[in-house]
Amino acid sequence: MTDTTTRALIPLPLAAARALVLVGGIATIVSAFLAWTWTSEFPGDLTITGYPGGLQWLTLIAGVLVTVFALSAYGVPGLGWLIPARNNAPLVLTAIGAFGVTWYTIISIAAELGGLANLEPGGWVAAIASLLPVIGAFALPEPHTESTKDNLKAYIAKPENIPAPAPLSPWLERAVITVATIIGLAVFTYGIDTEYGELFVGFLIVVVFAVWALHTAGLMDRFSRIVAHNRSFTLAMGFAAAIAFPFTQTDDHYANIGVNILIFGTVALGLNIVVGLAGLLDLGYVAFLGVGAYTAALVSGSEFSRFSGVHFPFWAAALAGAAASLIFGVLIGAPTLRLRGDYLAIVTLGFGEIFRIAVNNMDGESGPDITNGPNGIPSIPDLNFFGFNLGEAHDIAGFTIGRFANYYLLMVLIMALVVLVYTRAADSRIGRSWIAIREDETAATAMGINGFRVKLIAFALGAALAGLAGTVSAHVTYSVVPTPYQFAGSTPPNSAFLLAAVVLGGMGTVAGPILGAALLYLLPEKLVFLQDKSLLAFGIALILLMRFRPEGIIANRRRQLEFHETGQLDVPDTTTLSGEPAAVTKAGA
Amino acid sequence: MSTMTTETTPVLEARNVTMRFGGLTAVRSVDFTVNAGEIVGLIGPNGAGKTTFFNCLTGLYVPTEGTVSYQGTVLPPKPHLVTKAGIARTFQNIRLFANMTVLENVLVGRHTRTKEGLWSALLRGPGFKKAEKASEERAMELLEFIGLEAKRDHLARNLPYGEQRKLEIARALASEPGLLLLDEPTAGMNPQETRATEELVFAIRDKGIAVLLIEHDMRFVFNLSDRVAVLVQGEKLVEGTSEVVQADERVIAAYLGEPFEGDPGAAETAEVDAAEAGTTSTKGEAQ
Ligand SMILES: Nc1ncnc2c1ncn2[C@@H]1O[C@H](COP(=O)(O)OP(=O)(O)OP(=O)(O)O)[C@@H](O)[C@H]1O
Ligand SMILES: [Mg+2]
């Protein structure tokens, strides 16, 4: 360990720096109540003094976060728990978040309305107020070295040795999970309900920096520890929150977004079995969604179906879709799973395209008359469970639950089933053999694992789950056509997006692919101005992510285990495969 | 070659095993037997074909010629079937499942001795829970046996080197083998660890498991082995008790090089017993 001096990037006395953060935070809050522009042409109406609108709410929330963390850093009693790591990074990050969202708003106003003249004095106040905490935060002392990069990094670093928390009572732990779930639902709902792109961008800025700040403060670690104690309670809460979502919505349009996210997320979770657990790179996975959707479309009583007389009840159609996907998965998997790595990826890519092109041609002219070719199968009737028509709006306990909300609730059940399948399969003999294959296929076969067999099971299971999601998706969209089932496109689902959702969210986790799917669905949906550049934007985003957080947004528990569960310094065993075989302490209890 | 003529039954019988990679014959017509309850050492200079021979025994390579039988039945050259039959192994370059925990590594080793498939994992009946619990108990016993029970939840890749080697042995033992193949179990270990490994191998033998080990640490091999075989350039040169092998000058020649007949041209066509020039290193620390 070299001796490092601590010095701030911006030379200010410590007291002044801290005060600047706090005062800036409060000023940011206040500035959200001012009028930032003179016309309500800029969406959200930022013209009213005394009441925040649109993006000003986000500035307000970001300012509150800055203030609260600043108070905690001051050692205000009762707020100490906010920064278990006792570091400055949460201050820095929340300050940047507040600065980011405020300046983004100001610049958007100037850009969209044509010039800085459109800013009211309140806008200038907000711009300056939100700059203060950033200056203050970077004036806090941090370890100083030669390299500027390391100096900057020190400001957003999460310390390694965060003191272990005092144990909470089980009741308190559950209360924490409940509160976190409610906040999570509120944040998620807010994100889905954002009405214009600017608001969504601002939302992302605030959320990203807030979550990052909570992470560096050590709160995320504490929370996951609590979650680890209460797995089933957390799952139940998550499930309850998912069900609660449509009841918070007044517009069925947002339920439509919700159901599409769920379909996309379910398929991503299925893909996670194949990619995340078994380590098989499948680039044609969306075809299984297509097989399920087409199967359901054919047997659900659409008059345009080749089998228009056939009208299976939903459970039978769902089983048929899953089974057809499974068979398709086995047919594709059996010859290809003997390949490893890149070869498998190329072959699955090919098979995925074959599916799309085949259904595109099975129109009775260039092929057998099965799928109506590019016209697809329209007019798929809505589902009907015991007289409860999912196509109609219903009033439940005073809430109006529209068509998409009905399907959303159905999809919640299916996703719960898929989550159950995923977690149970992962934590079992077969799941361990998948992971073993992913880690080292040669060693795995030498341990008695029939590699081909377990890979085929993973492939088939993943396919069946995607097929199941496809059967619902056929009903939600009324019709199925070949175009969505392609390798890459600018809107989900397609194989590239599915893979991106898994990788971005975090391979091998449950929440990761769902979060990744939500993000990847919402981004093109909300950021209409990106349009044809959205693929480029995603490419850049993915590259950045792989550079700075290759394990995805949500890290696998295994990776977290790299640090001791107990966080205690029992053995200095940082020596790993590459390390020198140093003198080893015996692992006596 | 002289073997111990006792009434012990052979667990492993390799007949005429030959492995060619294109023009290179890495293993040439090797006959080899391991009897129940034996510890057999396999030594030879670097590149002699020892690891290749192991790979032929365990089905990772399909031998160009010859057969391998375990307890009288010929083994198919499929690694998972070989393990199922009762031969487990470790690797010269440690091949643990790096991102799995210590316990999970051992549980994977139990794969062939358990049979819960996907359905029972999804339905989680009482049978599944019982089997998982039994597997875990068995795995913990093995971790206690090698002294890693306190680190059950650590990631394999975070273990120190010596413990990784031990864990690999525990993982292999989890498949309840009748024969354990160890490929350089002490490579990279310090003297204390090597001694501990020696005791570990004896303890494994005392469980009734025959052990075949490749090793470059001569003291270790000769201390442990009931019998030692020497492989040179793919051929079995000598086989016998430690004393016999240590005294054989062909072995010394193979390791140190022939002092006088070092004519490379002649070496090409040298007879089986003639030691070859060219293998100069005395101790390999392949990692
Ligand atoms: N897959 C392969 N393809 C081609 N040649 C191979 C292959 N595997 C091994 N060989 C060659 O076979 C010969 C024997 O190698 P092997 O690894 O079996 O030696 P070894 O006795 O285990 O040596 P060491 O003591 O260094 O581990 C070497 O010349 C090696 O290059
Ligand atoms: Mg070798």
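Is B:R124 buried or exposed, and at what relative accessibility? B:R124 counts as buried, at 18% relative accessibility. The cut-off for buried is under 20% relative accessible area. This is a predicted model, and the tour starts at this residue.

**Stop 1: two residues with positive phi in chain B**

Select B:R124 and look at the backbone. Its phi is positive, about 50°, although B:R124 is not a glycine. The residue sits in the loop between α4 (118-123) and α5 (126-146) of chain B.

Next select B:N16. This residue is not a glycine either, and its phi is positive at about 55°. B:N16 belongs to strand β1 (residues 10-21) of chain B. With a relative accessible area of 34%, B:N16 is partly exposed.

**Stop 2: the magnesium ion**

Select ligand 2, the magnesium ion, and display its protein donors: OG1 of B:T51 and OE1 of B:Q92, which lie 1.9 to 2.1 Å from the ion.

Colour the pair by accessibility. B:T51 is partly exposed, with a relative accessible area of 25%, whereas B:Q92 counts as buried at 16%.

**Stop 3: chain B as a whole**

The chain has eleven helices and ten strands. It has 287 residues, of which 56% count as buried. Taking the contacts in chain B between residues at least 6 apart in sequence, 69% join residues at least 24 apart.

**Stop 4: a helix pair in chain A**

Move to chain A and select helix α2 (residues 55-74) together with helix α3 (residues 89-113). Their axes come within 9 Å and cross at roughly 160°. The two helices, α2(A) and α3(A), are therefore roughly antiparallel to each other. The crossing of α2(A) past α3(A) is left-handed.

To see the contact, show side chains on both helices. From α2(A), the residues taking part are A:L55, A:L58, A:T59, A:A62, A:G63, A:L65, A:V66, A:F69, A:A70 and A:A73. From α3(A), they are A:P90, A:L91, A:T94, A:A95, A:G97, A:A98, A:V101, A:T102 and A:T105. By type, the residues of this contact between α2(A) and α3(A) comprise 13 nonpolar and six polar, with no charged residue.

**Stop 5: A:G333**

Select A:G333, in helix α12 (residues 314-336) of chain A. At 0% relative accessibility, A:G333 counts as buried. What does A:G333 contact, leaving aside its neighbours within four places in sequence? The residues are A:F452, A:L456 and A:F459.

The C-alpha atoms of A:G333 and A:G25 are separated by 57 Å, and the two residues are 308 residues apart along the chain.

**Stop 6: A:K455**

Finish at A:K455, which lies in helix α17 (residues 451-476) of chain A. A:K455 counts as buried, with 2% relative accessibility. Not counting residues up to four places away in sequence, A:K455 touches A:L280, A:L337, A:L339, A:I437 and A:E441. Show these side chains around A:K455 to end the tour.

Key: Residues are numbered from 1 along each chain as its sequence is written. Chains are lettered from A and ligands numbered from 1 in the order in which they are written. This is a predicted model: local features need pLDDT of at least 70, side-chain atom pairs count only at pLDDT 80 or more; totals for chains, interfaces and linings use all residues. Side-chain values use heavy atoms; hydrogens and water are left out. Axes are lines fitted to C-alpha atoms, for helices over the stretch in contact, and angles run from 0 to 180 degrees between N-to-C directions. Helices (H or I, at least four residues) and strands (E, at least two) are DSSP runs, numbered from the N terminus. Angles under 35 degrees count as roughly parallel, over 145 as roughly antiparallel, 65 to 115 as roughly perpendicular and the rest as oblique. A crossing is left-handed if the near helix is turned anticlockwise from the far one by less than a right angle, and right-handed if clockwise. Contact means heavy atoms within 4.5 Å. Ala, Val, Leu, Ile, Met, Phe, Trp, Tyr, Cys and Pro count as nonpolar, Asp, Glu, Lys and Arg as charged, and the others, Gly among them, as polar. Donors are N, O and S atoms within 2.8 Å of the metal (3.2 Å for Na, K and Ca); water is not among the atoms, so sites may look incomplete. Buried means under 20% relative accessible area, exposed over 50%, partly exposed in between (1.4 Å probe, protein chains only).
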